[in-house]
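User: I want to learn how to read charged pairs in a model. Please start with the terms, then walk me through the cases.

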Amino acid sequence: MADRVRRVMSEGVLTYAYILLYISLSSGQIFFNKWVLSSKEINFPYPLALTLLHMVFSSVLCFVLTKVLKIMKVEEGMTLDIYISSVIPIGAMFAMTLWLGNTAYLYISVSFAQMLKAIMPVAVFILGVAAGLEMMSCRMLLIMSVISFGVLVASYGEININWVGVIYQMGGVVGEALRLIFMEILVKRKGLKLNPVSVMYYVSPCSALCLLVPWIFLEKPKMDEQLTWTFHPLVLTLNCICTFALNLSVFLVISHTSALTIRVAGVVKDWVVVLLSALLFADTKLTLINLCGYAIAIAGVAAYNSHKLKKEATRVSSDESQATSSIPLVSSSTSNA
């Protein structure tokens, strides 16, 4: 009995440790990127180049871990047709999301960027309806309205609003929504389920190639012309390691907890980022209207997460009941044969 209690307690402590690791790495990576891009000390204001470094580093590290050291396993089942029809669009949208999201940090504060990200469920739902993955309902319409209203209030309360930064951030939101839609199509219609390590193994090289082309034409000429920037190998390598560690922490949290836990942890992380950024960055000035609007939006996001989780649980239980009911039928036909 005592051993069982100790085992349960140790598992609980380990679960909370994974969640804390995810929240710390996720929020820390946002602050790290902002610091690298906007800090006068680092002086590397090139979000496209930074994102390209992340994807190249992730591609090389995934290959080493899975093919050379063989510490991690890549899921089987990937075909050329699936790669072209699903992985390449996912990689392109992932590259777009990271590029535009990081670029937004040059124009708006971290806290305001995080508030704008709360509109994500609205973008995912609208695109999901257009793709035939979601059904319009009064409940979902109400939830989307609450989230949109909250983001509008938070934007109204922003003191130093920069519309260029808002456009970049909204572009990143659309890119992420499209990525999630393509991921759902990959799982539902293609029947392929990949763990986060496998996703990064397949997606990172594609994202790197998608980022390389615009970098050559958009940022490389600036970097060649403006020789005032500096390259800090140690800082940028550490930044890339933190990005990869964040992806692994997501894998650990998903493996040892539930979908509800990761969603709740995500909401906690959002609040941590918003509040801590006001202490860490001089360009962040929170107002009461900001916080009230964001609270309304987060309430809508929580309702959306709850709705999605209930829908997923109903689908899983339905699949299990169908599988159970089919077992006697198979046995019966076998005995008849």
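Analyst: This is a predicted model. Start with burial: a residue is buried when its relative accessible area is under 20%, and exposed when that area is over 50%. Values in between count as partly exposed.

User: Which residues of the K269 and D270 pair are buried?

Analyst: K269 is buried, and D270 is too. Their side chains form a salt bridge, at 3.2 Å from N to O.

User: What lets such side chains pair at all?

Analyst: Opposite charges can pair when the charged atoms come close. Here, the structure holds four salt bridges.

User: Where in the chain do K308 and E134 sit?

Analyst: K308 and E134 meet through their side chains in a salt bridge of 2.7 Å, N to O. This pair links distant parts of the chain, 174 residues apart. K308 lies in helix α11 (residues 288-336), while E134 is in the loop between α5 (120-131) and α6 (138-156).

User: Are K308 and E134 buried or exposed?

Analyst: K308 has a relative accessible area of 18%, so it is buried. E134 is buried as well, at 8%.

User: How many residues apart are K220 and D224?

Analyst: Four, within helix α8 (residues 196-225). They are therefore separated by about one helical turn.

Notes
Residues numbered from 1 in each chain as written. Predicted model: local features only at pLDDT ≥ 70, side-chain atom pairs only at ≥ 80, totals over all residues. Heavy atoms only, no water. Helix = DSSP H or I, 4+ residues; strand = E, 2+ residues; numbered from the N terminus. Buried < 20%, exposed > 50% of the residue type's maximum accessible area, 1.4 Å probe, protein only.
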